[in-house]
Amino acid sequence: MKKYGMSLFALLFAILFTGCNNYVNIPAGFIGKILTPTGWTKGIIEAGQVDLGTPSDDNQSNSLSILEATSVSIKESYLKNEDSKGNIVDDRIAIGGPTTVDVYVRMKVPSDERSRDGIFSQITPASVDAANRTSVITVETIYSKLARMDVRSAIRQVLSKYKDVDSVRAHQDKVNDELGVAVIAMFKRSGVPLELQNVVISNIQPDPAVLEAKNKQLAAQSEVATIDSIGAALKRNPQYLIVKKYQTYENVASKGATMVMIDGQDNGRFTIPLK
């Protein structure tokens with residue numbers, strides 16, 4: 001009796017162990033499809049548990065590929081930096097000068113079964129759990145293999161049409177819409193199995209040298225405007241010069257020293273006391 005009980009326990013353990021190995025999970029936010037030795041099974045499997053069955057005597061077995069089904073944002077950056085060999089790589093966009101830009105592209109896989117089946121056929125999934133015969137395809141994998149280079153080119157073409165960074169910032173919603181149209185057209189033209197949700201510029205910065213030159217130009221324009229304003233005031237009222245002169249004297253006196261000033265007009269001489 002004792003021997004029978006131990007055998008039954010061993011058999012039950014073997015069944016449970018085999019069952020645990022045969023069942024694999026499709027996590028939330030993913031869908032799945034089973035690959036058999038003869039090809040893909042029909043239909044898409046939603047999140048939950050899947051029974052892959054036991055391997056055959058000749059070691060053939062089913063496997064599960066899962067596909068990311070939620071929306072994903074991918075950042076595209078146009079920068080100036082060093083590559084792995086120490087060489088300077090300038091990938092900035094010319095928008096009135098070299099410009100650093102960050103753009104987020106948000107997308108997801110289509111919801112129709114035909115498009116999803118096409119993804120499983122086009123993209124080789126990456127193994128994530130060989131023991132449980134599971135592999136995965138992410139949205140970024142699809143994007144990187146089928147779209148990234150063309151999307152970056154489309155973004156560059158749209159932004160380089162603007163004369164400077166200020167014009168992009170002043171019309172950012174319009175620019176984002178233009179980027180979206182360009183990316184959708186690229187997806188359609190190349191047959192990329194992704195649905196675009198939006199494209200958004202998150203950061204745009206001109207080259208420091210361009211920004212410095214612009215600030216100097218603005219400072220010079222401000223100085224010219226000030227001089228023009230003073231000239232116009234003198235024309236309207238010559239006494240304005242006297243007021244400005246004594247304001248200058250007061251400013252000098254505020255520095256904290258007693259000074260003798262010689263005014264060239266009427267041989268004037270006077271002392272500005274210590275304050």
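Predicted model: local features only at pLDDT ≥ 70, side-chain atom pairs only at ≥ 80, totals over all residues.
## Where E2 meets E5

Six bridges tie strand E2 (residues 30-36) to E5, and the two strands run antiparallel. Strands count as paired if DSSP finds at least two bridges between them.

Residues are numbered from 1 along each chain as its sequence is written, and side-chain values use heavy atoms, with hydrogens and water left out.

## The five-stranded sheet

E2 and E5 belong to an open sheet of five strands, in the order E3-E2-E5-E12-E11, with mixed pairing. Its edges are strand E3 (39-40) and strand E11 (126-129), each of which pairs on one side only. At the E11 end, three bridges join E11 to E12, and these two run antiparallel. Ser127 has Ser135 in E12 as its bridge partner. E11 and E12 make a hairpin with four residues between them, and Arg133 in the turn has a positive phi of about 55°.

Helix H2 (residues 113-122) lies across E2, E3, E5 and strand E12 (134-137), running at about 55° to E2. That angle is between axes, which are lines fitted to C-alpha atoms (for helices, over the stretch in contact), and such angles run from 0 to 180 degrees between N-to-C directions.

Ser65 sits in strand E5 (residues 63-68). Is Ser65 buried or exposed? Ser65 counts as buried, because its relative accessibility is 2%. Buried means under 20% relative accessible area, exposed means over 50%, and partly exposed is in between (1.4 Å probe, protein chains only). The side chain of Ser65 makes a polar contact with the side chain of Ser135, at 3.0 Å. To count as a polar contact, a pair of N or O atoms must be within 3.5 Å; within protein, one must be able to donate a hydrogen and the other to accept it, and residues adjacent in sequence count only if both atoms are side-chain atoms. Leaving out residues up to four places away in sequence, Ser65 touches Ile31, Gly32, Lys33, Trp40, Phe120, Pro125 and Ser135. Contact here means heavy atoms within 4.5 Å.

Over in strand E2 you'll find Thr36. A polar atom of the Thr36 side chain lies 2.7 Å from the backbone oxygen of Gly39. Thr36 also touches Thr41 and Asn62, again not counting residues up to four places away in sequence.

## One aromatic pair

The structure holds one aromatic pair. The rings of Trp40 and Phe120 have centres 5.4 Å apart and planes at 55°, so the pair is tilted. It links distant parts of the chain, with Trp40 in strand E3 and Phe120 in helix H2, 80 residues apart. For the cut-offs, rings of Phe, Tyr and Trp (its six-membered ring) pair if their centres lie within 6.5 Å; planes under 30 degrees apart count as stacked, over 60 as edge-to-face and the rest as tilted.

## Around strand E10

Strand E10 (residues 98-108) is joined to strand E6 (residues 72-78) by seven bridges, antiparallel, with Ile74 opposite Val105 in E10. E10 also pairs with strand E13 (residues 195-206) in the antiparallel sense, over 10 bridges, and there Tyr104 stands opposite Val200 in E13.

Strand E9 (residues 93-94) runs antiparallel to E10 and is joined to it by two bridges, with Ile93 opposite Thr99 in E10. The hairpin of E9 and E10 has three residues between the strands, and Gly96 takes a positive phi near 65° there.

Leu194 is in the loop between helix H6 (172-190) and E13, and is buried with a relative accessible area of 7%. Apart from neighbours within four places in sequence, its contacts include Met107, Val109, Ile142 and Phe187. The C-alpha atoms of Leu194 and Ser111 are separated by 9.7 Å, though the residues are 83 apart along the chain.

## The whole protein

All told, there are eight helices and 15 strands. Of the 275 residues, 28% count as buried. Among contacts between residues at least 6 apart in sequence, 63% join residues at least 24 apart.
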